[in-house]
Amino acid sequence: MNRFYDDDYFQRVVIPSLFTRSNRVEQLVLPMLDKDFFSKKNSVPPFLDGLLWKKGESTPDEGNSVFLKDYGERGVSSDGVQNLAKRVYFSAVTPELYPKYSTKVEGFFDQLLADTNAGKPLMAKYVETYWELYWNLHLGIIEDCEKQGEDITCEDDLYKGCIPPQVKEIGNSFVACLAEADVLSKNFRQNYENVREHQDCLTDWVSGAVTAMETRIHDDITNIDDEETFVYYWLKNREGAEFGNEDVTFECYHNFVALSQWGHTIYRVMEALIDDDVVKSSFDALKAQPNCGDTLGDGDTFTPLDRFVMDIFRTRSPNGGSLSSQSAGAKAAPTFGVILTTHLHKEISEDEIHWSDPGVFNPDRYIDAPTSDKIDEKLCGDNSNFNECPFPHQDFRTKDGTDTVITNNGFGTVYSKDKPVCDTAGYAPFGFGYRRCPGEQFTIEVIKQFLKTVCDRNICFTRDCNTDADDIQDIPIAPGTIIQDDICFGYNDVVNGGCQPNNPN
Ligand code: HEM
């Protein structure tokens, strides 16, 4: 068989990857990508389309994600509010709603950082239980079908109340493909084909659960468990054609990309707490404060712990860059293959045009940094310095009982009116303006919870683990990232010093 002509994998994956090129941008003055030139649509490298869509090519009618749509295609609410899909998406992960999910996140870290895991490489443990947190947050389903002792297949009715092994497998393979990103490797191909094989199972399982929740909402018989899931809020706050059931289903597994970055971030945090003395002493200062420094001072927007986590994100940037295709309207549109542009987050955040000390870890920089609520009409009106701001300021009120106002500023940054975010191109780890990450504040809370558990339990990190060097695994953790699972946790020994695997306290 001639692989180039007859092999579906070569046609759909290898050849498109050979014709995909990427430009890198390292400087940005405003936190906004020119929407007439850079487009989110078609910015997924085409060789990855088969991971998302059953037909193996981009078919948004089967389900679509906010992430893959251009600003103008995200719907308008009945009262004229633009960028509707983004607001509906955000409605499930606002800072106001975080307390609904916090017990799940806290329980996850309590289990991960339990005494029994001390001294063992931590990321393997993380990956073992991560999918339970993932599906618990999305659908309120936590049980592992395998733990119930059933040999469950996707056709089986029993799989509805628990997570089938195929669903975990597809998740791991999906993340492995994104992490590996080398389409010529055997590993990539195996994982790609694994995703393709279980795709129907995943879609059936998720869409079954989405429809069941939709019915409970319709019949007004939802319970507390429903109200602690992303899907509940997407269904409650959607309008018109935005967020149809197939889109909700698609977002549930498109989020494989988004939430995989938590594991990557946790690894970078542990690394910083071992290798970087400035980060370490900054964290020691937080440990000496009540609640690990997570208390808001008078007039402050961010707590000391918020600011610590934010500067970890700025200086480590687990998400390397925002990827765009060139808009159809761009003059230099490519005629052959695909040209993508990456706006590099770490490089942009550490550009000296934004800060006097760009390369220094300094959480206090956010005490005075610009926030999203300050980019108002005066800055973005006709007579302003920022004439190019193209977004009308509009409010969207949630219908889920929390009455949260989801607003946007001139850069298009979508945020909760009462809880602004830092909004300058000098803080780029979560992207820019109208394309900025809606999961940002949720993510900050998750990483804060990890650190608060570390504080509470007097935990420290070390590479001196109870494992032979030969047993250290490589773990595909997030897009473009395979980490060495070489960090474990122990306990600060106040008497003898050092980081001990057994809890001396
Ligand atoms: C460490 C964690 C995370 C990082 C570093 C991160 C980073 C980013 C970045 C840089 C973008 C902009 C991409 C672009 O413009 O090309 C983005 C977009 C997005 N993120 Fe996240 N993200 C994280 C976690 C999450 C989580 C937990 C969720 C969901 C709960 C989420 C949902 C999204 C969505 C839906 C978009 C698309 C927004 C749009 O196009 O308007 N992310 N994220």
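Predicted model: local features only at pLDDT ≥ 70, side-chain atom pairs only at ≥ 80, totals over all residues.
Local features need pLDDT of at least 70 and side-chain atom pairs count only at pLDDT 80 or more, while totals for chains, interfaces and linings use all residues. Residues are numbered from 1 along each chain as its sequence is written.

**View 1. Helices α8 and α10 pack against each other.** Helix α8 covers residues 186-218 and helix α10 residues 245-275; their axes are 9 Å apart and form an angle of about 125°. This angle makes α8 oblique to α10. The crossing of α8 past α10 is right-handed. On the α8 side the contact holds L202, T203, V206, S207, V210, T211 and E214, and on the α10 side N245, V248, T249, C252 and Y253. By class, the contact residues are six nonpolar, five polar and one charged.
Terms: helices (H or I, at least four residues) and strands (E, at least two) are DSSP runs, numbered from the N terminus. Axes are lines fitted to C-alpha atoms, for helices over the stretch in contact, and angles run from 0 to 180 degrees between N-to-C directions. Angles under 35 degrees count as roughly parallel, over 145 as roughly antiparallel, 65 to 115 as roughly perpendicular and the rest as oblique. A crossing is right-handed if the near helix is turned clockwise from the far one by less than a right angle, and left-handed if anticlockwise. Residues are in contact if their C-beta atoms, placed from the backbone, lie within 7 Å. Ala, Val, Leu, Ile, Met, Phe, Trp, Tyr, Cys and Pro count as nonpolar, Asp, Glu, Lys and Arg as charged, and the others, Gly among them, as polar.

**View 2. Strands β8, β11 and β12 form an open antiparallel sheet in the order β8-β11-β12.** Strands pair if DSSP finds at least two bridges between them. β8 (459-462) and β12 (499-500) are at the edges with a single partner strand each, so one side of each has no neighbour in the sheet. Strand β11 (residues 488-492) pairs with β12 over two bridges. N492 is opposite C499 in β12.

**View 3. Strands β5, β6 and β7 form an open antiparallel sheet in the order β5-β6-β7.** The edge strands β5 (396-397) and β7 (414-416) each pair on one side only. Two bridges join β5 to β6 (residues 405-408). R397 has V405 in β6 as its bridge partner.

How values were computed: Contact = placed C-beta atoms within 7 Å.
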